[in-house]
Amino acid sequence: MTVAADRQGAAVSRPGGTFWDRRSMRTKRLVWVWSFLALPILFYSVIRFYPTIEAFWLSLTNWDLLKPPQFIGLANYQKLFADPQFWKVFKNTFAYLLIGTPISLLISFVIAFYLDRVRFMHGLIRGLYFLPYLTTAAAMAWVWRWFYQPAPIGVINNALGVIGIPQQQFIRSVDQALPSIMVTAIWAGLGFQIIIFMAGLRAIPNTFYEAARIDGLGEWAILRKITLPLLKPTTVFLVVFSSIGFLRIFDQVYNMTTNDPGGPLGSTKPLVLMIYQTAFSSYAMGYAAAQTVVLFSILLCVSLLQLWILREKK
(Lines give C-alpha, C1' and ligand atoms only; values in the text may rest on other atoms or scores of the structure.)
Protein backbone atom coordinates (compact mmCIF):
# COMPACT_ATOMS: atom_id res chain seq x y z
CA MET A 1 0.00 0.00 0.00
CA THR A 2 2.79 2.39 0.87
CA VAL A 3 4.78 1.57 -2.29
CA ALA A 4 1.75 2.17 -4.49
CA ALA A 5 1.12 5.49 -2.79
CA ASP A 6 4.73 6.56 -3.34
CA ARG A 7 4.52 5.72 -7.03
CA GLN A 8 1.26 7.60 -7.33
CA GLY A 9 2.80 10.63 -5.65
CA ALA A 10 5.80 10.56 -8.00
CA ALA A 11 3.45 10.39 -10.95
CA VAL A 12 1.54 13.40 -9.62
CA SER A 13 4.73 15.41 -9.08
CA ARG A 14 6.01 14.56 -12.56
CA PRO A 15 2.93 14.14 -14.68
CA GLY A 16 4.69 14.56 -18.01
CA GLY A 17 8.18 13.33 -17.20
CA THR A 18 11.30 15.51 -17.45
CA PHE A 19 11.74 18.27 -20.00
CA TRP A 20 14.18 16.10 -21.97
CA ASP A 21 11.79 13.12 -21.98
CA ARG A 22 9.01 15.24 -23.43
CA ARG A 23 11.15 16.19 -26.46
CA SER A 24 10.66 14.40 -29.77
CA MET A 25 13.35 12.14 -31.19
CA ARG A 26 14.07 14.67 -33.94
CA THR A 27 14.65 17.42 -31.37
CA LYS A 28 16.94 15.18 -29.33
CA ARG A 29 19.00 14.37 -32.40
CA LEU A 30 19.35 18.07 -33.24
CA VAL A 31 20.48 18.83 -29.69
CA TRP A 32 23.12 16.10 -29.83
CA VAL A 33 24.33 17.18 -33.26
CA TRP A 34 24.71 20.82 -32.26
CA SER A 35 26.36 19.79 -29.00
CA PHE A 36 29.11 18.05 -30.96
CA LEU A 37 29.36 20.87 -33.51
CA ALA A 38 29.40 23.72 -30.99
CA LEU A 39 33.11 23.51 -30.15
CA PRO A 40 34.38 23.31 -33.79
CA ILE A 41 32.04 26.15 -34.80
CA LEU A 42 33.21 28.27 -31.89
CA PHE A 43 36.85 27.55 -32.71
CA TYR A 44 36.33 28.33 -36.39
CA SER A 45 34.48 31.53 -35.53
CA VAL A 46 37.32 32.73 -33.32
CA ILE A 47 40.13 31.99 -35.78
CA ARG A 48 38.24 32.88 -38.96
CA PHE A 49 35.27 35.19 -38.52
CA TYR A 50 36.76 37.40 -35.82
CA PRO A 51 39.91 38.28 -37.85
CA THR A 52 37.70 38.98 -40.87
CA ILE A 53 35.51 41.37 -38.90
CA GLU A 54 38.61 42.92 -37.36
CA ALA A 55 40.04 43.51 -40.87
CA PHE A 56 36.88 45.39 -41.85
CA TRP A 57 37.25 47.55 -38.76
CA LEU A 58 40.97 48.21 -39.31
CA SER A 59 40.25 49.26 -42.91
CA LEU A 60 38.42 52.26 -41.43
CA THR A 61 41.38 53.31 -39.29
CA ASN A 62 44.86 54.73 -39.53
CA TRP A 63 47.22 52.31 -37.78
CA ASP A 64 51.01 51.95 -37.98
CA LEU A 65 51.49 49.34 -35.20
CA LEU A 66 53.04 51.95 -32.90
CA LYS A 67 49.94 53.93 -31.97
CA PRO A 68 46.38 52.80 -31.31
CA PRO A 69 44.16 52.66 -34.42
CA GLN A 70 42.54 56.01 -35.21
CA PHE A 71 39.14 55.94 -36.91
CA ILE A 72 39.21 57.81 -40.24
CA GLY A 73 36.11 56.44 -41.96
CA LEU A 74 36.38 55.68 -45.68
CA ALA A 75 39.58 57.66 -46.20
CA ASN A 76 41.61 54.51 -46.93
CA TYR A 77 39.19 53.44 -49.64
CA GLN A 78 39.17 56.92 -51.20
CA LYS A 79 42.96 56.87 -51.26
CA LEU A 80 43.02 53.37 -52.70
CA PHE A 81 40.60 54.00 -55.57
CA ALA A 82 42.43 57.23 -56.45
CA ASP A 83 45.82 55.46 -56.57
CA PRO A 84 46.98 54.69 -60.16
CA GLN A 85 49.26 51.97 -58.79
CA PHE A 86 46.23 50.13 -57.39
CA TRP A 87 44.51 50.05 -60.78
CA LYS A 88 47.69 48.73 -62.40
CA VAL A 89 47.88 45.99 -59.77
CA PHE A 90 44.15 45.34 -60.22
CA LYS A 91 44.73 44.86 -63.96
CA ASN A 92 47.63 42.47 -63.32
CA THR A 93 45.56 40.43 -60.86
CA PHE A 94 42.73 39.95 -63.34
CA ALA A 95 45.22 39.15 -66.09
CA TYR A 96 46.40 36.21 -63.99
CA LEU A 97 42.78 35.18 -63.46
CA LEU A 98 41.34 35.61 -66.95
CA ILE A 99 44.30 34.12 -68.79
CA GLY A 100 45.66 31.59 -66.33
CA THR A 101 42.41 29.90 -65.28
CA PRO A 102 41.04 28.84 -68.70
CA ILE A 103 44.47 27.84 -70.04
CA SER A 104 45.28 25.72 -66.99
CA LEU A 105 41.87 24.02 -67.02
CA LEU A 106 42.04 23.29 -70.75
CA ILE A 107 45.54 21.83 -70.57
CA SER A 108 44.78 19.77 -67.47
CA PHE A 109 41.57 18.37 -68.97
CA VAL A 110 43.28 17.35 -72.21
CA ILE A 111 46.09 15.63 -70.29
CA ALA A 112 43.65 13.92 -67.91
CA PHE A 113 41.41 12.80 -70.80
CA TYR A 114 44.23 11.04 -72.64
CA LEU A 115 46.10 9.91 -69.53
CA ASP A 116 42.95 8.14 -68.37
CA ARG A 117 43.28 5.90 -71.44
CA VAL A 118 46.92 5.05 -70.80
CA ARG A 119 47.53 1.71 -69.11
CA PHE A 120 51.31 1.30 -69.45
CA MET A 121 53.12 3.01 -66.53
CA HIS A 122 49.94 4.93 -65.73
CA GLY A 123 50.77 5.41 -62.05
CA LEU A 124 54.29 6.67 -62.76
CA ILE A 125 53.12 9.18 -65.36
CA ARG A 126 50.37 10.45 -63.07
CA GLY A 127 52.88 10.81 -60.25
CA LEU A 128 55.24 12.82 -62.47
CA TYR A 129 52.44 15.22 -63.34
CA PHE A 130 51.48 15.58 -59.67
CA LEU A 131 55.05 16.10 -58.46
CA PRO A 132 55.22 19.87 -59.25
CA TYR A 133 52.15 20.45 -57.08
CA LEU A 134 54.03 18.97 -54.11
CA THR A 135 57.13 21.04 -54.73
CA THR A 136 57.74 24.05 -52.49
CA ALA A 137 56.60 27.17 -54.33
CA ALA A 138 59.76 29.10 -53.44
CA ALA A 139 62.08 26.34 -54.68
CA MET A 140 60.08 25.94 -57.88
CA ALA A 141 60.11 29.69 -58.53
CA TRP A 142 63.89 29.88 -58.15
CA VAL A 143 64.37 26.97 -60.55
CA TRP A 144 62.19 28.70 -63.15
CA ARG A 145 64.05 31.93 -62.52
CA TRP A 146 67.24 30.09 -63.41
CA PHE A 147 65.56 28.75 -66.58
CA TYR A 148 64.69 32.29 -67.66
CA GLN A 149 68.22 33.72 -67.23
CA PRO A 150 70.17 34.92 -70.29
CA ALA A 151 72.54 32.49 -72.01
CA PRO A 152 74.77 30.72 -71.15
CA ILE A 153 73.12 30.37 -67.70
CA GLY A 154 69.48 30.14 -68.74
CA VAL A 155 68.34 26.76 -70.04
CA ILE A 156 65.53 28.18 -72.19
CA ASN A 157 67.67 30.84 -73.86
CA ASN A 158 70.35 28.23 -74.54
CA ALA A 159 67.76 26.05 -76.25
CA LEU A 160 66.44 29.00 -78.26
CA GLY A 161 69.97 29.85 -79.37
CA VAL A 162 70.49 26.32 -80.68
CA ILE A 163 67.52 26.63 -83.05
CA GLY A 164 68.46 30.17 -84.10
CA ILE A 165 65.89 32.19 -82.11
CA PRO A 166 67.19 35.40 -80.48
CA GLN A 167 67.45 35.52 -76.70
CA GLN A 168 64.36 36.61 -74.80
CA GLN A 169 64.28 38.86 -71.73
CA PHE A 170 61.49 36.94 -70.00
CA ILE A 171 61.23 38.17 -66.38
CA ARG A 172 63.49 41.14 -67.21
CA SER A 173 60.98 42.48 -69.73
CA VAL A 174 57.93 44.58 -68.92
CA ASP A 175 55.95 42.80 -71.64
CA GLN A 176 57.16 39.23 -71.06
CA ALA A 177 57.46 39.08 -67.28
CA LEU A 178 53.79 38.50 -66.46
CA PRO A 179 53.27 35.72 -69.07
CA SER A 180 56.55 34.12 -67.92
CA ILE A 181 55.38 33.97 -64.31
CA MET A 182 51.94 32.81 -65.40
CA VAL A 183 53.53 29.83 -67.16
CA THR A 184 55.14 28.73 -63.91
CA ALA A 185 51.88 29.14 -61.97
CA ILE A 186 49.96 27.09 -64.55
CA TRP A 187 52.64 24.39 -64.54
CA ALA A 188 52.65 24.22 -60.74
CA GLY A 189 48.89 23.66 -60.49
CA LEU A 190 48.46 21.20 -63.36
CA GLY A 191 49.06 18.10 -61.24
CA PHE A 192 46.22 18.77 -58.85
CA GLN A 193 43.78 19.65 -61.61
CA ILE A 194 44.72 16.55 -63.61
CA ILE A 195 44.12 14.27 -60.61
CA ILE A 196 40.70 15.85 -59.93
CA PHE A 197 39.69 15.67 -63.60
CA MET A 198 40.72 12.00 -63.71
CA ALA A 199 38.66 11.28 -60.61
CA GLY A 200 35.69 12.92 -62.30
CA LEU A 201 36.23 10.89 -65.47
CA ARG A 202 36.48 7.66 -63.51
CA ALA A 203 33.19 8.47 -61.75
CA ILE A 204 31.24 8.46 -65.05
CA PRO A 205 29.64 5.01 -65.50
CA ASN A 206 30.83 3.06 -68.54
CA THR A 207 27.23 2.22 -69.38
CA PHE A 208 26.77 5.74 -70.75
CA TYR A 209 29.65 5.26 -73.18
CA GLU A 210 28.52 1.78 -74.19
CA ALA A 211 24.99 3.00 -74.92
CA ALA A 212 26.35 5.96 -76.92
CA ARG A 213 28.57 3.73 -79.06
CA ILE A 214 25.66 1.35 -79.68
CA ASP A 215 23.67 4.38 -80.91
CA GLY A 216 26.51 5.15 -83.31
CA LEU A 217 27.94 8.29 -81.68
CA GLY A 218 31.54 9.15 -82.51
CA GLU A 219 34.24 10.10 -80.01
CA TRP A 220 33.74 13.84 -80.43
CA ALA A 221 29.97 13.54 -79.95
CA ILE A 222 30.50 11.38 -76.84
CA LEU A 223 32.89 13.96 -75.43
CA ARG A 224 30.50 16.83 -76.12
CA LYS A 225 27.21 15.18 -75.11
CA ILE A 226 28.25 12.82 -72.31
CA THR A 227 31.69 13.46 -70.86
CA LEU A 228 31.59 17.24 -70.54
CA PRO A 229 28.03 17.49 -69.14
CA LEU A 230 28.62 14.74 -66.57
CA LEU A 231 31.96 16.33 -65.66
CA LYS A 232 30.29 19.64 -64.83
CA PRO A 233 30.45 19.35 -60.98
CA THR A 234 34.18 18.62 -61.21
CA THR A 235 34.68 21.52 -63.61
CA VAL A 236 32.78 23.91 -61.34
CA PHE A 237 34.97 22.97 -58.39
CA LEU A 238 38.20 23.40 -60.37
CA VAL A 239 37.10 26.70 -61.91
CA VAL A 240 36.40 28.21 -58.49
CA PHE A 241 39.48 26.65 -56.88
CA SER A 242 41.80 27.72 -59.72
CA SER A 243 40.33 31.23 -59.85
CA ILE A 244 40.94 31.76 -56.15
CA GLY A 245 44.49 30.49 -56.62
CA PHE A 246 45.28 32.93 -59.43
CA LEU A 247 43.63 35.85 -57.62
CA ARG A 248 45.82 35.10 -54.60
CA ILE A 249 49.04 34.46 -56.51
CA PHE A 250 52.07 35.56 -54.50
CA ASP A 251 54.88 33.02 -54.14
CA GLN A 252 55.89 32.83 -57.79
CA VAL A 253 55.87 36.60 -58.23
CA TYR A 254 57.76 37.38 -55.05
CA ASN A 255 60.49 34.77 -55.53
CA MET A 256 61.00 35.23 -59.27
CA THR A 257 61.25 39.02 -59.00
CA THR A 258 63.00 39.17 -55.65
CA ASN A 259 65.35 42.00 -56.71
CA ASP A 260 62.30 44.13 -57.55
CA PRO A 261 59.22 42.37 -56.13
CA GLY A 262 56.37 42.72 -58.59
CA GLY A 263 58.69 44.15 -61.25
CA PRO A 264 59.95 45.17 -63.59
CA LEU A 265 58.14 48.48 -63.04
CA GLY A 266 55.24 46.75 -61.30
CA SER A 267 54.29 44.79 -64.43
CA THR A 268 53.81 41.52 -62.49
CA LYS A 269 52.62 42.80 -59.11
CA PRO A 270 49.33 41.20 -57.93
CA LEU A 271 47.07 42.56 -55.22
CA VAL A 272 48.34 40.14 -52.56
CA LEU A 273 51.91 41.39 -53.04
CA MET A 274 50.69 44.99 -52.83
CA ILE A 275 48.99 44.17 -49.52
CA TYR A 276 52.17 42.54 -48.23
CA GLN A 277 54.35 45.53 -49.14
CA THR A 278 51.86 48.04 -47.73
CA ALA A 279 51.62 46.19 -44.43
CA PHE A 280 55.19 45.04 -43.82
CA SER A 281 57.26 47.59 -45.74
CA SER A 282 55.24 50.78 -45.21
CA TYR A 283 53.57 49.60 -41.97
CA ALA A 284 50.31 51.21 -43.11
CA MET A 285 48.12 48.54 -41.56
CA GLY A 286 44.83 50.37 -42.01
CA TYR A 287 45.53 50.95 -45.70
CA ALA A 288 46.61 47.31 -46.10
CA ALA A 289 43.38 46.20 -44.39
CA ALA A 290 41.37 48.23 -46.92
CA GLN A 291 43.23 46.46 -49.74
CA THR A 292 42.48 43.14 -48.05
CA VAL A 293 38.77 43.96 -47.90
CA VAL A 294 38.82 44.78 -51.61
CA LEU A 295 40.55 41.46 -52.36
CA PHE A 296 38.01 39.61 -50.20
CA SER A 297 35.16 41.31 -52.08
CA ILE A 298 36.70 40.36 -55.43
CA LEU A 299 37.16 36.74 -54.37
CA LEU A 300 33.59 36.55 -53.09
CA CYS A 301 32.05 38.14 -56.18
CA VAL A 302 34.09 36.07 -58.64
CA SER A 303 33.29 32.82 -56.81
CA LEU A 304 29.56 33.56 -56.55
CA LEU A 305 29.43 34.67 -60.19
CA GLN A 306 31.11 31.49 -61.37
CA LEU A 307 28.83 29.32 -59.25
CA TRP A 308 25.81 31.15 -60.65
CA ILE A 309 26.98 30.81 -64.27
CA LEU A 310 27.94 27.15 -63.89
CA ARG A 311 24.97 26.21 -61.69
CA GLU A 312 22.89 23.16 -62.46
CA LYS A 313 19.75 24.03 -64.40
CA LYS A 314 16.78 22.22 -62.92
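Trainee: What should I know about the model before I start?

Mentor: It is a predicted model, where local features need pLDDT of at least 70, side-chain atom pairs count only at pLDDT 80 or more, and totals for chains, interfaces and linings use all residues. Residues are numbered from 1 along each chain as its sequence is written, and side-chain values use heavy atoms, with hydrogens and water left out.

Trainee: How are helices and strands named?

Mentor: They are DSSP runs, numbered from the N terminus: helices are H or I with at least four residues, strands are E with at least two. Take helix α11, residues 232-247. It has 16 residues.

Trainee: What span does α11 reach from its first C-alpha to its last?

Mentor: The expected span of a helix is 1.5 Å times one less than its number of residues. Helix α11 reaches 22 Å, close to the 22 Å expected.

Trainee: Which residues of α11 are buried?

Mentor: Buried means under 20% relative accessible area, exposed means over 50%, and partly exposed is in between (1.4 Å probe, protein chains only). In α11 the buried residues are T234, V236, L238, V239, V240, S242, S243, F246 and L247. Their cover includes α4 (84-115), α8 (177-202), α13 and α14.

Trainee: How do α8 and α11 cross?

Mentor: Start with the axes. They are lines fitted to C-alpha atoms, for helices over the stretch in contact, and angles run from 0 to 180 degrees between N-to-C directions. The axes of α8 and α11 come within 10 Å and cross at roughly 165°. Now classify the angle: under 35 degrees is roughly parallel, over 145 roughly antiparallel, 65 to 115 roughly perpendicular, and the rest oblique. Helices α8 and α11 are therefore roughly antiparallel to each other.

Trainee: Is that crossing left-handed or right-handed?

Mentor: Look at the near helix against the far one. If it is turned anticlockwise by less than a right angle, the crossing is left-handed; if clockwise, right-handed. The crossing of α8 and α11 is right-handed.

Trainee: Which residues of α8 and α11 meet?

Mentor: Contact means heavy atoms within 4.5 Å. From α8 come A185, I186, F192, Q193, I196, F197 and G200. From α11 come T234, T235, F237, L238, F241, S242 and F246. For classes, Ala, Val, Leu, Ile, Met, Phe, Trp, Tyr, Cys and Pro count as nonpolar, Asp, Glu, Lys and Arg as charged, and the others, Gly among them, as polar. The contact of α8 with α11 divides into nine nonpolar, five polar and no charged residues.

Trainee: How do α13 and α14 cross?

Mentor: Helix α13 covers residues 271-280 and helix α14 covers residues 285-309. Their axes come within 8 Å and cross at roughly 160°. Helices α13 and α14 are therefore roughly antiparallel to each other. Their crossing is left-handed. On α13 the contact uses L271, V272, M274, I275, T278, A279 and F280. On α14 it uses M285, Y287, A288, Q291, T292, L295 and I298. By class, the contact of α13 with α14 has eleven nonpolar, three polar and no charged residues.

Trainee: And Q277, is it buried or exposed?

Mentor: Q277 lies in helix α13. Q277 is buried, with a relative accessible area of 19%. Setting aside residues up to four places away in sequence, Q277 touches P261, K269 and S282.

Trainee: What is phi at L65 and at L265?

Mentor: Phi of L65 is positive, about 75°, although L65 is not a glycine. L65 is in the loop between β1 (61-62) and β2 (70-71). At 42% relative accessibility, L65 is partly exposed. Phi of L265 is also positive, near 55°, in a residue other than glycine. L265 is in the loop between α12 and α13. L265 is exposed, at 67% relative accessible area.

Trainee: How far apart are W57 and F71 in sequence and in space?

Mentor: They are 14 residues apart in sequence and 8.8 Å apart in space, C-alpha to C-alpha. W57 lies in helix α2, residues 25-58.
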